[in-house]
Amino acid sequence: MATIACVREATANERRCALMPVNVKAYKHLGADVIIESGLGKGLHISDEEYINAGASVLADRQQVLSLADVILSVNPLTEADIDNISDKIVISFLDPFNDSGYTDLLCRQQITSLSMEMIPRSTRCQKMDALSSQASLAGYVMVTKAIAELHSILPMMMTAAGTIKPAKVFIIGAGVAGLQAIATAKRLGAAVTAFDTREIVAEQVRSLGAKFLDIDLGETGQTAQGYAQALTEVQIKIQQQAQEKCIAESDIVITTAQLFGRKPPQLINQSTIALMKPGSVIVDMAALSGGNVDGSIAGKTNSVYGVKIIGTGNWSNEVPLNASQMYANNLMSLVSEFWNKESNQLKIDLNDDILKSAVITHQGHITNETIRKFLHLPPLDVASIKDSEIELTTLTPLMAESLNQKTVEPA
């Protein structure tokens, strides 16, 4: 019988968790044992007793929890110290595989099978597993509330005996999951909302929410097979910056959500455009932690440029951790259930499956994900030829590789 485990998040100020008591019951119904580290639900005011009542075992020793696990669930990646002390486990979390190749090497060294929730495909079959979208929808809501907290005026129109207050103007750049939720939230609160996206196909969705769509002729743009926006050329970015400048200058709140999967986000708002905005206005840069859409945003902070507040705090769904945890834990539950073998009571890893082919990053000492292999300039891998004892060291420094190779098991 497999054991599913969940430990407390080691990332500073992280209040979300990957397992709710209701999910414990579902995993037990599958036939799995469930163990958690004591205090797992502390950030959500969920006691250990609630997990125990749901059927989980609670241990105070983090290392003991990890050593007993077959499958380990978390929001953020386990620490390197955690990974260094376990092997032959399955770990599932947001892994950020494009930006931490050293961590990927460590997973290979420890023979860890890793699944990255960012890499779940966007398809009908995967909707219940799509954690990226579930967290982004909450981010869209939170970014509007953050902007309201910094704005020096109200959003809705008010007709009073003292006069009429005009509705605030909100401009949202990017109409993906987060952008659409931001549009819907701002509209419900009474703002006059305009939005832009490089994908003309989403214009109707924007209008259906009651917002105006800013038409900018960028030529050929389109979207990827997964529904993400294609990267624009430098010329197209300049055209967009110029065309949206007037709209930005007239807006009380601007929210940018332009993020390119696995790539640095484009800079869409420059300093000269910020200078045109009314002092007291607010910009929320969703991409601040990964490079930023706004010239002047600071990752993890709120600052002021020309009297305009720029919010780049990031980790938006962590601001509503209860709902974020509920959604994320259900996404994980759907993923595990999809590939659970009821006969052996194990999570089955089939790299020929379309979902796992995309989501699995490392398996049996190799980087098996073709997207990540291409990103790291590695040759294609024949998954069927992998031997359990092989280790693929890809991006380690020579000193690190030499140190690890001293402990590498020779192929049979």
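User: At what angle do helix α6 (residues 131–150) and helix α11 (residues 321–338) pack, and how far apart are their axes?

Analyst: Two packed helices are described by the angle between their axes and by the distance between those axes. In this predicted model, α6 and α11 pack at an angle of about 165 degrees, with their axes 9 Å apart. Because angles over 145 degrees count as roughly antiparallel, α6 is roughly antiparallel to α11. The crossing of α6 past α11 is right-handed.

User: Which residues of α6 and α11 make the contact?

Analyst: On the α6 side they are Ala131, Ser134, Gln135, Ser137 and Leu138, and these meet Asn323, Ala324, Met327, Tyr328 and Asn331 of α11. Sorted by class, this contact has 5 nonpolar and 5 polar residues, with no charged ones.

User: How is the packing of helix α1 (residues 21–30) against α11 described?

Analyst: Here the angle is about 5 degrees and the axes lie 11 Å apart, which makes α1 roughly parallel to α11. Asn23, Ala26, Tyr27 and Leu30 of α1 make the contact with Ala329, Asn330, Leu332, Met333, Val336 and Ser337 of α11, and the residues of this contact divide into 7 nonpolar, 3 polar and no charged.

User: How many cavities of 30 Å³ or more does a search of the whole structure find?

Analyst: Rolling a probe the size of a water molecule over the atoms shows where empty space is left. In this structure the search finds 1 cavity of 30 Å³ or more, and the largest cavity has a volume of about 40 Å³. Among the residues lining the largest cavity are Val7, Arg8, Glu9, Arg62 and Pro77, and the whole lining divides into 4 nonpolar, 3 polar and 3 charged residues.

Methods:
Residues are numbered from 1 along each chain as its sequence is written. This is a predicted model: local features need pLDDT of at least 70, side-chain atom pairs count only at pLDDT 80 or more; totals for chains, interfaces and linings use all residues. Side-chain values use heavy atoms; hydrogens and water are left out. Axes are lines fitted to C-alpha atoms, for helices over the stretch in contact, and angles run from 0 to 180 degrees between N-to-C directions. Helices (H or I, at least four residues) and strands (E, at least two) are DSSP runs, numbered from the N terminus. Angles under 35 degrees count as roughly parallel, over 145 as roughly antiparallel, 65 to 115 as roughly perpendicular and the rest as oblique. A crossing is left-handed if the near helix is turned anticlockwise from the far one by less than a right angle, and right-handed if clockwise. Contact means heavy atoms within 4.5 Å. Ala, Val, Leu, Ile, Met, Phe, Trp, Tyr, Cys and Pro count as nonpolar, Asp, Glu, Lys and Arg as charged, and the others, Gly among them, as polar. On a 1 Å grid over the protein atoms alone, a cavity is a set of points where a 1.4 Å probe fits but cannot get out, and a pocket is an open set with protein on both sides within 12 Å along at least five of seven lines; lining residues have an atom within 4 Å of a point. Grid points are joined across faces, edges and corners, and a volume is the space filled by probe spheres set on the points.
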